[in-house]
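Subject: Structure for your files

Hello,

Here is the structure you will be working with. My notes follow below it.

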Amino acid sequence: MGEIILFVITFVLVYGVYAVMILNSKKRLEAYKSSVEIRFLENKYQVNVKKFEFKKLARTVLIVNTLDICITAALACLFPNWILQFVAGFFILLIMILISYSLLGHYLKRQEGKM
């Protein structure tokens, strides 16, 4: 039960910070167009980001990032030792990023074809 509460609190806090820092600032939203995440989707999955409304695309990417962080934190807390939590969290985060961006890339490619 504690992991679920941690997940929800972490999700609200992380997404809230992302929303305030990036989505509500035109300057930062413009700079986000050249971020590593967006370039990765363009290069690896050949997603044409110009076909999407960028604010919606950024919101989708930020939700994926937030879910990666929250799931990692919840799973890492299952380990008893803080050193194990740190090491497990690192590997869980790497795996989560690979899986989530693969799914996101395929989803965006499918959505791009519908436009």
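The protein chain has 5 helices and 0 strands, in the order α-α-α-α-α along the sequence. Helices (H or I, at least four residues) and strands (E, at least two) are DSSP runs, numbered from the N terminus. This is a predicted model, in which local features need pLDDT of at least 70 and side-chain atom pairs count only at pLDDT 80 or more, while totals for chains, interfaces and linings use all residues. Residues are numbered from 1 along each chain as its sequence is written, and side-chain values use heavy atoms, with hydrogens and water left out.

Along the principal axes, the C-alpha atoms fill a box of roughly 45 × 25 × 20 Å. Of the 115 residues, 33% are buried (buried is under 20% relative accessible area, exposed over 50%, partly exposed in between; 1.4 Å probe, protein chains only).

Salt bridges

The whole structure holds 3 salt bridges (a side-chain nitrogen of Lys or Arg within 4 Å of a carboxyl oxygen of Asp or Glu).

- K33 pairs with E30 at 3.4 Å, N to O. K33 is partly exposed at 38% relative accessible area, and E30 is partly exposed at 48%.
- K56 pairs with E53, with the closest N and O atoms 3.8 Å apart. E53 is partly exposed, at 48%.
- E112 pairs with K109 at 3.6 Å, N to O. Both lie in helix α5, 3 residues apart, about one turn of the helix. E112 counts as buried because its relative accessibility is 9%, whereas K109 is partly exposed at 36%.

Largest pocket

The largest pocket has about 180 Å³ of space. A pocket here is an open set of points on a 1 Å grid over the protein atoms alone, where a 1.4 Å probe fits, with protein on both sides within 12 Å along at least five of seven lines; lining residues have an atom within 4 Å of a point. The volume is the space filled by probe spheres set on the points, which are joined across faces, edges and corners.

Among the lining residues are Y18, F40, D68 and Y101. Helices α3 (36–45), α4 (54–76) and α5 (82–114) each supply at least two lining residues, and α5 gives the largest share, 4 residues.

Other points

L13 lies in helix α1 (residues 2–23) and is exposed at 55% relative accessibility. K26, in helix α2 (residues 26–32), is exposed at 76%. K26 and K55 are 29 residues apart in sequence and 9.7 Å apart in space, C-alpha to C-alpha.

Regards
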